[in-house]
Amino acid sequence: MAAVGGNPAQQGGTSKDSASIPAAEPHPSAFRSAVEALTAVRPRPEVRLSSAPAPRRLAPFSWAVTAEVELDGEELADGRFVLLHDPAGPDAWQGEFRVVTMTRAELEPEMAGDPMLTEVGWAWLMDALQSQGAGFAAPGGTVTRCASQYFGALAERPASTEIELRASWTPSDGRFERHLTAWAELLCVCAGLPPSAPAPLTTPDAPSLGGVVPMPARRRPRSH
């Protein structure tokens, strides 16, 4: 198996180098093209991408980045984006490529009791993909919320609520840059930043989710 490391943007979506793919590995041309498209992505300024070790056991070929959303020196959200490639085309994937992501952000405490929080979290992902015109198939995942109350020596810390979204889907359009851009936008929405993407598009893969209510803007610094 081959783990591929790219050279994505380090700050504000700026990439200094092209994809870093070991010449000794027989990477399929389709995979090389996908990595080149991903490393060319320029996310919005609040998103910082960093290369990360790619998982070696999930597919014959893989590439990964981590991301952090920062505003005024405060980290608001983080996550990981992985592209898997298996020329055999596993049946469950419905294709030769699969995107696997993890998104995590701290929310305002009052959102913990919202019974629709998990459904809205998943809708944010679908909305982000559609707003970027990213074609996808076989989406699946989980949305988890965790509310924490501190006691004893930690009692002075304010209560916190965290949302974690783990999702995977199959890119069906060959436009891999749209999928990474959509995921970066999802991170920003989870962080409470105003969306920068255009209005959602209706695609054959899923209906439009226009009108999904974004998370309220953050009102206090994140506690650590």
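Biologist: What is the mean pLDDT of the chain, and what share of its residues reach 70 or more?
Modeller: The model is predicted, so each residue carries a confidence value from 0 to 100. In this chain 74% of the residues reach 70 or more. The mean pLDDT of the chain is 79.

Biologist: Where is the pLDDT below 50?
Modeller: Where pLDDT is low, the predicted coordinates should not be read in detail. One such stretch has 69 contacts beyond near neighbours in sequence, and it covers residues 1-24. Another has 64 contacts of that kind, and it covers residues 199-224.

Biologist: How many helices and strands does the chain have, and in what pattern?
Modeller: The chain has three helices and seven strands. Read along the sequence, they follow the pattern β-α-β-β-β-β-α-β-β-α.

Biologist: What percentage of the contacts with a separation of 6 or more joins residues 24 or more positions apart?
Modeller: The chain has 224 residues, and 46% of them are buried. Now take the contacts with a separation of 6 or more. Residues 24 or more positions apart account for 69% of them.

Biologist: Which residues of H3 meet H1?
Modeller: The crossing of H1 and H3 is right-handed. On the H1 side, the contact uses Ala 34, Ala 37 and Leu 38. By class, the contact has five nonpolar, no polar and one charged residues. The H3 residues are Phe 176, Glu 177 and Leu 180.

Biologist: How is helix H2 set against H3: antiparallel or oblique?
Modeller: H2 covers residues 117-131. The axes of H2 and H3 are 8 Å apart, at an angle of about 140°. Roughly antiparallel needs over 145 degrees, so H2 counts as oblique to H3.

Biologist: Which residues of H3 make the contact with H2?
Modeller: The crossing of H2 and H3 is right-handed. H2 brings Trp 124, Leu 125, Ala 128 and Leu 129 to the contact. The residues divide into eight nonpolar, one polar and no charged. From H3 come His 179, Ala 182, Leu 186, Val 189 and Cys 190.

Biologist: Is Asp 127 buried or exposed?
Modeller: Asp 127 sits in helix H2. Asp 127 and Ala 182 are 55 residues apart in sequence, yet 8.7 Å apart in space, C-alpha to C-alpha. The relative accessible area of Asp 127 is 16%, and the limit is 20%, so Asp 127 is buried.

Biologist: Which residues does Val 82 touch, leaving out those up to four places away in sequence?
Modeller: Val 82 lies in strand S4. Its relative accessibility is 5%, so Val 82 counts as buried. Val 82 touches Pro 55, Trp 63, Ala 64, Arg 98, Val 99 and Val 100.

Biologist: What separates the C-alpha atoms of Leu 76 and Glu 106?
Modeller: Leu 76 is also found in strand S4. Leu 76 is buried, with a relative accessible area of 3%. Leu 76 and Glu 106 are 30 residues apart along the chain, and their C-alpha atoms are separated by 6.9 Å.

Biologist: Is Asp 72 buried or exposed?
Modeller: Asp 72 is in the loop between strand S3 (61-71) and strand S4 (74-85). Its phi is near 55°, a positive value in a residue other than glycine. The relative accessible area is 77%, and the cut-off is over 50%, so Asp 72 is exposed.

Biologist: What is the phi of Ala 138?
Modeller: Ala 138 is in strand S6, residues 136-148. It is partly exposed, with a relative accessible area of 22%. Ala 138 is not a glycine, although its phi is positive, at about 50°.

Technical notes:
Residues numbered from 1 in each chain as written. Predicted model: local features only at pLDDT ≥ 70, side-chain atom pairs only at ≥ 80, totals over all residues. Heavy atoms only, no water. Left-handed = near helix turned anticlockwise from the far one by under 90°. Helix = DSSP H or I, 4+ residues; strand = E, 2+ residues; numbered from the N terminus. Contact = heavy atoms within 4.5 Å. Nonpolar A, V, L, I, M, F, W, Y, C, P; charged D, E, K, R; others polar. Axes fitted to C-alpha atoms, helices over the stretch in contact; angles between N-to-C directions. Parallel < 35°, antiparallel > 145°, perpendicular 65-115°, else oblique. Buried < 20%, exposed > 50% of the residue type's maximum accessible area, 1.4 Å probe, protein only.
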